[in-house]
Amino acid sequence: MKKDFNESTIKRYEELLERSRRQGIYTYTPFHSTLGASLAFKVAQEEELKLFGGMDNCERVVIRFGCEKNMGYTEDFPISLLHIIPKSEKYAEKLEHRDYLGALMNLGIERDRIGDIIINEKDAFIFVLEDIADFLARSLDTIRHTSVKCEIIYEIPKDILKEEKEEEYSLTSLRIDALLSKIYKISREDAKNLVAKEAVFVNGRPLSKPEYEPKEGEIIIARTLGRFTYLGKQRENKKGKNVILIKR
(Lines give C-alpha, C1' and ligand atoms only; values in the text may rest on other atoms or scores of the structure.)
Protein backbone atom coordinates (compact mmCIF):
# COMPACT_ATOMS: atom_id res chain seq x y z
CA MET A 1 0.00 0.00 0.00
CA LYS A 2 2.78 2.45 0.93
CA LYS A 3 4.62 1.69 -2.29
CA ASP A 4 1.44 2.27 -4.34
CA PHE A 5 0.85 5.56 -2.52
CA ASN A 6 4.41 6.70 -3.18
CA GLU A 7 4.27 5.75 -6.85
CA SER A 8 0.91 7.44 -7.49
CA THR A 9 1.95 10.55 -5.55
CA ILE A 10 5.24 10.86 -7.42
CA LYS A 11 3.44 10.41 -10.74
CA ARG A 12 1.02 13.21 -9.84
CA TYR A 13 3.92 15.46 -8.79
CA GLU A 14 5.63 14.79 -12.14
CA GLU A 15 2.45 15.81 -13.97
CA LEU A 16 2.12 19.05 -12.01
CA LEU A 17 5.80 19.90 -12.48
CA GLU A 18 5.64 19.23 -16.22
CA ARG A 19 2.53 21.42 -16.58
CA SER A 20 4.21 24.21 -14.61
CA ARG A 21 7.28 24.11 -16.86
CA ARG A 22 5.27 23.82 -20.10
CA GLN A 23 2.70 26.54 -19.38
CA GLY A 24 4.86 28.85 -17.27
CA ILE A 25 2.39 28.83 -14.38
CA TYR A 26 2.43 27.76 -10.74
CA THR A 27 0.71 24.46 -10.01
CA TYR A 28 -0.44 23.28 -6.60
CA THR A 29 -1.14 20.05 -4.76
CA PRO A 30 -3.73 19.47 -2.04
CA PHE A 31 -2.47 19.24 1.56
CA HIS A 32 0.13 16.57 2.32
CA SER A 33 1.88 15.32 5.42
CA THR A 34 5.60 15.98 5.81
CA LEU A 35 6.36 12.50 4.47
CA GLY A 36 4.06 12.84 1.47
CA ALA A 37 5.37 16.31 0.64
CA SER A 38 8.99 15.13 0.83
CA LEU A 39 8.39 12.93 -2.24
CA ALA A 40 8.27 16.12 -4.35
CA PHE A 41 12.03 16.47 -3.91
CA LYS A 42 12.44 13.24 -5.90
CA VAL A 43 10.99 14.87 -9.03
CA ALA A 44 11.85 18.59 -8.84
CA GLN A 45 14.79 20.83 -8.09
CA GLU A 46 14.62 22.65 -4.76
CA GLU A 47 14.22 26.04 -6.46
CA GLU A 48 11.10 24.71 -8.23
CA LEU A 49 9.38 23.85 -4.96
CA LYS A 50 7.79 25.77 -2.16
CA LEU A 51 5.93 24.16 0.77
CA PHE A 52 3.42 26.13 2.83
CA GLY A 53 0.51 25.24 5.07
CA GLY A 54 -1.01 28.65 5.79
CA MET A 55 1.61 29.81 8.30
CA ASP A 56 5.13 28.82 9.34
CA ASN A 57 5.73 25.39 10.88
CA CYS A 58 2.52 23.72 9.71
CA GLU A 59 2.42 19.93 9.88
CA ARG A 60 0.38 19.64 6.68
CA VAL A 61 1.46 21.62 3.62
CA VAL A 62 0.50 22.43 0.06
CA ILE A 63 3.28 22.08 -2.52
CA ARG A 64 3.73 24.73 -5.19
CA PHE A 65 5.64 23.81 -8.35
CA GLY A 66 7.33 26.62 -10.25
CA CYS A 67 10.58 28.57 -9.98
CA GLU A 68 9.99 32.17 -8.89
CA LYS A 69 13.14 33.30 -10.71
CA ASN A 70 11.99 31.82 -14.01
CA MET A 71 8.36 32.86 -13.56
CA GLY A 72 9.23 36.47 -12.80
CA TYR A 73 6.33 36.79 -10.38
CA THR A 74 4.91 35.15 -7.28
CA GLU A 75 1.39 34.49 -6.02
CA ASP A 76 -0.40 33.48 -2.85
CA PHE A 77 -1.10 29.86 -2.05
CA PRO A 78 -4.77 28.83 -2.52
CA ILE A 79 -5.28 28.39 1.22
CA SER A 80 -8.02 29.91 3.38
CA LEU A 81 -8.36 30.07 7.14
CA LEU A 82 -11.59 29.20 8.94
CA HIS A 83 -12.48 30.32 12.45
CA ILE A 84 -15.00 28.09 14.20
CA ILE A 85 -16.81 29.49 17.23
CA PRO A 86 -19.59 28.00 19.39
CA LYS A 87 -22.85 29.89 19.11
CA SER A 88 -23.26 29.59 22.87
CA GLU A 89 -20.14 29.23 25.03
CA LYS A 90 -22.29 28.18 27.95
CA TYR A 91 -23.48 25.00 26.24
CA ALA A 92 -20.37 24.29 24.18
CA GLU A 93 -18.67 20.91 24.53
CA LYS A 94 -14.92 20.49 24.81
CA LEU A 95 -14.10 19.56 21.23
CA GLU A 96 -10.98 17.71 20.10
CA HIS A 97 -9.05 17.50 16.85
CA ARG A 98 -10.97 14.41 15.71
CA ASP A 99 -14.31 16.18 16.34
CA TYR A 100 -13.46 19.07 14.02
CA LEU A 101 -11.96 16.78 11.40
CA GLY A 102 -14.93 14.41 11.56
CA ALA A 103 -17.43 17.26 11.14
CA LEU A 104 -15.63 18.48 8.01
CA MET A 105 -15.40 15.01 6.49
CA ASN A 106 -19.10 14.38 7.25
CA LEU A 107 -19.78 17.24 4.85
CA GLY A 108 -18.09 15.24 2.11
CA ILE A 109 -14.69 16.96 2.37
CA GLU A 110 -11.68 14.78 1.56
CA ARG A 111 -8.81 14.71 4.07
CA ASP A 112 -6.35 16.24 1.62
CA ARG A 113 -8.47 19.40 1.40
CA ILE A 114 -7.83 20.10 5.08
CA GLY A 115 -4.62 21.40 6.63
CA ASP A 116 -3.65 22.00 10.24
CA ILE A 117 -6.34 22.29 12.91
CA ILE A 118 -5.38 24.63 15.76
CA ILE A 119 -7.60 24.34 18.81
CA ASN A 120 -8.02 27.08 21.37
CA GLU A 121 -10.08 26.72 24.57
CA LYS A 122 -13.52 27.06 22.95
CA ASP A 123 -12.81 27.87 19.31
CA ALA A 124 -10.59 26.51 16.54
CA PHE A 125 -8.73 27.66 13.44
CA ILE A 126 -8.53 25.39 10.40
CA PHE A 127 -6.57 25.82 7.17
CA VAL A 128 -8.44 24.51 4.11
CA LEU A 129 -8.10 24.79 0.35
CA GLU A 130 -9.51 28.04 -0.92
CA ASP A 131 -12.08 26.46 -3.24
CA ILE A 132 -14.03 24.85 -0.37
CA ALA A 133 -13.82 27.71 2.14
CA ASP A 134 -17.08 29.43 1.18
CA PHE A 135 -18.97 26.12 1.22
CA LEU A 136 -17.70 25.31 4.70
CA ALA A 137 -18.45 28.79 6.01
CA ARG A 138 -22.06 28.33 4.87
CA SER A 139 -22.51 24.65 5.76
CA LEU A 140 -20.61 23.88 8.96
CA ASP A 141 -23.07 24.56 11.77
CA THR A 142 -22.72 21.63 14.17
CA ILE A 143 -19.80 19.72 15.68
CA ARG A 144 -20.91 16.79 17.78
CA HIS A 145 -23.79 18.37 19.75
CA THR A 146 -22.42 21.92 19.67
CA SER A 147 -23.90 24.55 17.37
CA VAL A 148 -21.12 26.60 15.78
CA LYS A 149 -20.47 29.57 13.53
CA CYS A 150 -17.85 29.25 10.80
CA GLU A 151 -16.24 32.26 9.16
CA ILE A 152 -13.31 33.00 6.89
CA ILE A 153 -10.58 35.15 8.47
CA TYR A 154 -7.11 36.25 7.35
CA GLU A 155 -4.80 35.31 10.20
CA ILE A 156 -4.72 33.67 13.61
CA PRO A 157 -4.49 36.15 16.50
CA LYS A 158 -0.93 36.13 17.82
CA ASP A 159 -2.01 35.54 21.41
CA ILE A 160 -3.58 32.20 20.40
CA LEU A 161 -0.36 30.62 19.15
CA LYS A 162 2.04 28.95 21.53
CA GLU A 163 5.18 30.98 22.01
CA GLU A 164 8.30 29.35 20.66
CA LYS A 165 11.19 29.17 23.10
CA GLU A 166 14.88 29.48 22.35
CA GLU A 167 17.24 26.81 23.70
CA GLU A 168 21.04 26.63 23.73
CA TYR A 169 23.09 23.46 23.38
CA SER A 170 26.83 22.78 23.44
CA LEU A 171 28.10 20.40 20.75
CA THR A 172 31.47 19.11 19.67
CA SER A 173 30.15 18.61 16.12
CA LEU A 174 27.62 20.57 14.09
CA ARG A 175 26.47 17.48 12.18
CA ILE A 176 22.75 16.73 12.11
CA ASP A 177 23.16 13.38 13.92
CA ALA A 178 25.03 15.09 16.78
CA LEU A 179 22.38 17.80 16.91
CA LEU A 180 19.47 15.35 17.09
CA SER A 181 21.26 13.21 19.67
CA LYS A 182 21.76 16.20 21.96
CA ILE A 183 18.33 17.81 21.57
CA TYR A 184 16.22 14.65 21.83
CA LYS A 185 18.50 12.74 24.21
CA ILE A 186 18.95 9.73 21.94
CA SER A 187 22.14 7.90 21.03
CA ARG A 188 24.22 9.10 18.09
CA GLU A 189 23.60 5.73 16.44
CA ASP A 190 19.82 6.12 16.77
CA ALA A 191 20.10 9.57 15.24
CA LYS A 192 22.06 8.16 12.29
CA ASN A 193 19.43 5.48 11.81
CA LEU A 194 16.67 8.10 11.66
CA VAL A 195 18.55 9.87 8.89
CA ALA A 196 19.22 6.59 7.06
CA LYS A 197 15.48 5.82 7.10
CA GLU A 198 14.76 9.29 5.65
CA ALA A 199 12.80 10.19 8.77
CA VAL A 200 14.57 13.54 9.17
CA PHE A 201 13.56 16.52 7.03
CA VAL A 202 15.15 19.92 6.43
CA ASN A 203 12.68 22.50 5.09
CA GLY A 204 10.59 19.53 3.94
CA ARG A 205 13.49 17.83 2.15
CA PRO A 206 14.39 14.32 3.41
CA LEU A 207 17.98 13.94 4.56
CA SER A 208 20.11 10.92 3.72
CA LYS A 209 23.52 11.97 5.08
CA PRO A 210 24.13 12.14 8.86
CA GLU A 211 27.11 14.45 8.30
CA TYR A 212 24.86 17.23 6.99
CA GLU A 213 25.35 20.53 8.87
CA PRO A 214 22.13 22.59 9.13
CA LYS A 215 22.07 26.21 8.00
CA GLU A 216 20.66 29.12 9.96
CA GLY A 217 16.88 29.40 9.64
CA GLU A 218 16.28 25.83 8.47
CA ILE A 219 13.34 23.93 9.96
CA ILE A 220 14.29 20.44 11.12
CA ILE A 221 11.65 17.74 11.56
CA ALA A 222 12.44 14.34 13.07
CA ARG A 223 9.51 11.96 12.76
CA THR A 224 8.11 10.78 16.13
CA LEU A 225 10.40 13.26 17.94
CA GLY A 226 9.41 16.79 16.96
CA ARG A 227 10.49 19.87 15.05
CA PHE A 228 12.61 22.96 15.66
CA THR A 229 14.17 25.88 13.83
CA TYR A 230 17.96 25.93 13.75
CA LEU A 231 19.22 29.45 14.57
CA GLY A 232 22.88 28.68 14.01
CA LYS A 233 26.15 28.63 15.89
CA GLN A 234 26.39 31.48 18.39
CA ARG A 235 29.90 31.12 19.77
CA GLU A 236 32.42 28.67 21.22
CA ASN A 237 32.48 28.06 24.97
CA LYS A 238 35.58 27.87 27.16
CA LYS A 239 35.94 24.15 26.38
CA GLY A 240 36.00 24.85 22.66
CA LYS A 241 32.52 23.41 22.02
CA ASN A 242 30.07 24.94 19.58
CA VAL A 243 27.17 26.72 21.28
CA ILE A 244 24.14 26.55 19.01
CA LEU A 245 20.67 28.03 19.33
CA ILE A 246 17.34 26.49 18.33
CA LYS A 247 13.73 27.59 18.60
CA ARG A 248 10.84 25.21 19.25
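Two strands count as paired if DSSP finds at least two bridges between them. With that idea in hand, let's tour this predicted model. We will visit the paired strands, then the nonpolar cores, and finish with a cavity.

- Strand E3 covers residues 61-65, and five of its five residues are buried.
- Val 61, Ile 63 and Phe 65 point one way from E3, while Val 62 and Arg 64 point the other way.
- Strand E2 (residues 49-52) runs antiparallel to E3, and four bridges join the two.
- Look for Lys 50, whose bridge partner in E3 is Arg 64.
- Strand E1 (residues 27-32) also pairs with E3 in the antiparallel sense, over four bridges.
- Here His 32 stands opposite Val 61 in E3.

**The hairpin of E5 and E6**

- What do E5 and E6 form, with four residues between them? They form a hairpin.
- Strand E5 (residues 114-119) and strand E6 (residues 124-129) pair in the antiparallel sense over four bridges.
- Ile 117 has Ile 126 in E6 as its bridge partner.
- Because five of the six residues of E5 are buried, this strand is largely enclosed by the rest of the structure.

**The nonpolar cores**

- The largest nonpolar core has 22 residues, and Ile 176, Leu 180 and Phe 228 touch the most other members.
- Elements that give two or more residues to this core include helix H6 (176-184), helix H7 (188-196) and strand E13 (226-236).
- Which element gives the most to this core? H6 does, with five residues.
- Leaving aside residues up to four places away in sequence, Phe 228 touches Leu 179, Leu 180, Ile 183 and Tyr 184, among others.
- Other contacts of Phe 228 include Ile 219, Ile 220 and Ile 246.
- Another core, of 20 residues, lies apart from the largest one; among its members are Ile 84, Leu 104, Ile 117 and Ala 124.

**The cavity**

- A search of the whole structure finds one cavity of 30 Å³ or more.
- About 60 Å³ of space lies in the largest cavity.
- This cavity is lined by 13 residues, and the closest to its centre are Glu 93, Leu 95, Tyr 100, Lys 122 and Asp 123.
- Strand E4 (79-86) gives the most to the lining, with three residues.
- By class, the lining has seven nonpolar, two polar and four charged residues.

Methods: Residues numbered from 1 in each chain as written. Predicted model: local features only at pLDDT ≥ 70, side-chain atom pairs only at ≥ 80, totals over all residues. Heavy atoms only, no water. Core = buried A, V, L, I, M, F, W, Y, C linked by side-chain atoms within 4.5 Å. Buried < 20%, exposed > 50% of the residue type's maximum accessible area, 1.4 Å probe, protein only. Contact = heavy atoms within 4.5 Å. 1 Å grid on protein atoms, 1.4 Å probe; cavity = no way out; pocket = protein on both sides within 12 Å on 5 of 7 lines; lining within 4 Å. Points joined across faces, edges and corners; volume = space filled by probe spheres on them. Nonpolar A, V, L, I, M, F, W, Y, C, P; charged D, E, K, R; others polar.
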